[in-house]
Amino acid sequence: MEHMPSALPDGEPVPADGALPASALAGAADRPLGFYLHVPYCATRCGYCDFNTYTATELRGSGGVLASRDNYADTLIDEIRLARKVLGDDPREVRTVFVGGGTPTLLAADDLVRMLRAIREEFGLAADAEVTTEANPESVDPAYLAALRAGGFNRISFGMQSARQHVLKVLDRTHTPGRPEACVAEARAAGFEHVNLDLIYGTPGESDDDWRASLDAAIGAGPDHVSAYALIVEEGTQLARRIRRGEVPMTDDDVHADRYLMAEDTLSAAGFDWYEVSNWATSEAGRCLHNELYWRGADWWGAGPGAHSHVGGVRWWNVKHPGAYAAALAEGRSPGAGRELLSDEDRRVERILLELRLEEGVPLALLRSDGLAAARRALADGLLQREPYASGRAVLTLRGRLLADAVVRDLVD
Amino acid sequence: MPAIPSHVPEPSRTDPALIRNFCIIAHIDHGKSTLADRMLQLTGVVEQRQMRAQYLDRMDIERERGITIKSQAVRLPWAPTDDKGNTHILNMIDTPGHVDFTYEVSRSLAACEGTVLLVDAAQGIEAQTLANLYLAMENDLTIIPVLNKIDLPAAQPEKFSEELANLVGCDPDDVLKVSAKTGLGVEALLDKVVAEIPAPVGVKDAPARAMIFDSVYDSYRGVVTYVRVIDGQLNKRERIRMMSTGATHELLEIGTNSPEMLSADGLGVGEVGYLITGVKDVRQSKVGDTVTSQHKGAEEALGGYKDPKPMVFSGLYPLDGSDYPELREALDKLQLNDAALVYEPETSAALGFGFRVGFLGLLHLDVIRERLEREFGLDLIATAPNVVYRVVMEDGSEHTVTNPSEFPEGKIDEVYEPVVRATILAPSEFIGSIMELCQTRRGVLLGMDYLSEDRVEIRYTLPLAEIVFDFFDQLKSKTRGYASLDYEPTGEQTSSLVKVDILLHGDKVDAFSAITHKDQAYAYGVRLVAKLKELIPRQAFEVPVQAAIGSRVIARETIRAIRKDVLAKCYGGDISRKRKLLEKQKEGKKRMKMVGSVEVPQEAFIAVLSSDDSAGSGKSKK
């Protein structure tokens, strides 16, 4: 589940040493701390992808600093050490680590393990820490998986996307159908407790039957977590150009809605419960704790080119290019490109837009009078559930989940 | 260098026998302003180096569109070629060139004894020129037919001399041929004006009577009133009386234009000039009114006075509701100089606060709207133009409807709509398509005449409402631009008219209501409903879009409820972007107009009300 949109927001500059305002660290002990580690390399770029990722193995930054796939782990470990300095005497152990990309498994398993080790050395890992990596079905084998497991990884997420060859082809995915399901079994055999499969629906040319087959195949493989995303055609991608030229049809929003309902039906029948708009798990323990940090306003440090961080109301993001990123760290500077200090109102709005996507919903106490009136209307329109509402929470119904953004626009008033 | 005439008679002391009052009747681009420029030069009133093209057209907007809206009068001294010692005074009265200003044209003509009929030698006479020619003939004016632009390669002087001779009733050889651009033939024309146009005749010792033929607001001097003295004499510093209202004013200044204003001691019989009284509003100095002296003034006004009557109405709304006070101020300012412009505040549930504005016609509407947008920097939404209906109920009560949404409910006995007599001039190959167009617009053929072998004049009675609906654009496109149109109001007729309402989710949208003939109601409804379906984004609920006559639905489309409005992914790197997107969407939402519970983007109103392919759009481009 590649996390990083390619366009960076506007913001104020980050100080060269990466220092945070004192307010950001106030009360930190009460918030969990996570790490996101970005690996910006892929073997090939997929036609729908607009994430910050590169297919070249070597990229040169200013001052001739070489950012290569081979020394990438060392560069990233430099940022983990910088994080230690910036967070100073913050006593927290790390609760979650998530390695995403790009394709993290293009790096040697030992690279991923070394990065994790650096976090353990600098911060300490909680005993029950969740440690996840994304993995490409074609770039792992039992030995690789075993090495990750031995190194401390306990959760793995495979990009399956679809069970149909023709759909994978439109997405430029190179793996063969069946391979991701086999990966689940290999991961289980290697001792991974938690396994996720990512699916994409609404790809041009995908039929209802294709989607049903993908859901059935994913469920049949036995993961404890499934993420299902409507295909977003981002401007500037190869797929967007192909759609504009009329080579492939654009999928209608109503088709997306139908496919989403199919996913909900099929997954819930198989024992998966939704806990965020696009995420389902077989148990509370199967939920992705790291992602929940994002959704609940917790702190995380995002290391790597273009990675976003959040600590106590300060959001910042790193320079995008791996060369520029490596150059900054080589000079002992923060690779931060910009940041924003959230106002109380920004934080209130963010809580509404993030928490409304969750199964627990938003406390009505966060809403102002116009927002409350909007919530009452949404309740009457069948977009919010009655029981949680009665106990003071706005929780989306199934139909409401599909209209979450529209509901948010009204609730923030 | 033009010869400067000697012994130029002074205003107030000019023998009427030496005066010639004339105007120029011409189509928009047939060269009237250029001809006027040449006359200014030849008579020496404007020095060569001060000359600029279209000297007399004051407003930029006129110069740009190549049209003349406001008339003026210029006093030109001219010594005829064969009588050099006898300097005459030629008052050239400029006439408005457009259909909407027929009444002003008629007053300008009434100030003259003769007219120069100026026609492009490459194009022949156009409908509006013909209409004004008929008007001049009715006023018994002496007509001097002139072909202009004879230096053009495309000129056909023989053909069009024939055409003019037929219309005027003269010999083709009597048609003067000039080039206003090069000046060729213009001296001969001035000589002919002296020779053929009668001198004015009036009673010198009678109480003063002067007719107002134009009235212009000037921000420095207040209203400048242009008059033609019929009887008696007006003198500086006397008190004068407007005979239609009885209002009296002190004459602060009296004078003539050469072409700039020059004050004088007075104006005598037959003379043309200006008055300044210090009034600030052209309504206090109305075209057609009679000016007399307060002391021992005339008992009886000159005939022909009419109050300007708006024929076409449109709702004007600021795009940004907070511009409403600016719009009011701008209309107030324009009204100072435009006695025909009327407006009153109106509120639309869909468009907010605005004004219902009455115009003489479509060009008038266009010019006002353009000036509001250009000179006052306002962004406006204009509702589709409509005419004034008279609705008589079964109980005998009567309603005047200037806004379709005010069309009365209940038992209607008769509906009256204004009709016009339309004159269309076009090459004869287009007769079929013109007739077809007029038939679909409920026209009744009055007659048809060939002006020459291949040019025809077609006369129809048409409901004004049909002309207001993009008729001119259609006519132009069906005749490859060759047809010209003129129309004059001729009264009213009863018609089977109905009001078509547009309902969004059951709520009427007042701005889209229209009055149409019952046979056209269905087509109107279907078109508008389809258009709205395309323009209004899907809402959280299903929105029926209906066209209805009373409670009877005649067309329906459904905007399906939106089922998906959620981004699939929202992780750590998406949050800032998503919050900013939300802020942007909130801004966009503020620009939506709420119609009941339906959010309608402003663009939908603009597209439906102003685009040419929309149902009932009436934007004219004359």
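## A strand pair in chain B

Strand S8 (residues 222-231) of chain B runs antiparallel to strand S15 (residues 272-276) of chain B, and five bridges join the two. Pairing here takes at least two bridges found by DSSP; helices (H or I, at least four residues) and strands (E, at least two) are DSSP runs numbered from the N terminus. Within this pair, B:Thr225 sits opposite B:Leu275 in S15(B).

This is a predicted model, where local features need pLDDT of at least 70 and side-chain atom pairs count only at pLDDT 80 or more, while totals for chains, interfaces and linings use all residues. Residues are numbered from 1 along each chain as its sequence is written, with chains lettered from A and ligands numbered from 1 in the order in which they are written.

## The sheet around it

Both strands belong to an open, antiparallel sheet of eight strands in chain B, ordered S11-S10-S16-S7-S8-S15-S12-S13. At the edges are strand S11 (248-250) and strand S13 (261-263) of chain B, each pairing on one side only.

## Where A meets B

Chain A puts 38 residues in contact with 23 residues of chain B; contact means C-beta atoms, placed from the backbone, within 7 Å. Elements giving at least two residues each to chain A's side include helix H9 (253-269), strand S11 (299-303) and helix H12 (344-355) of chain A.

## Chain A overall

Chain A has 16 helices and 16 strands. Of its contacts with a separation of 6 or more, 75% link residues 24 or more positions apart.

Methods: Two residues are in contact if their C-beta atoms, placed from the backbone, lie within 7 Å.
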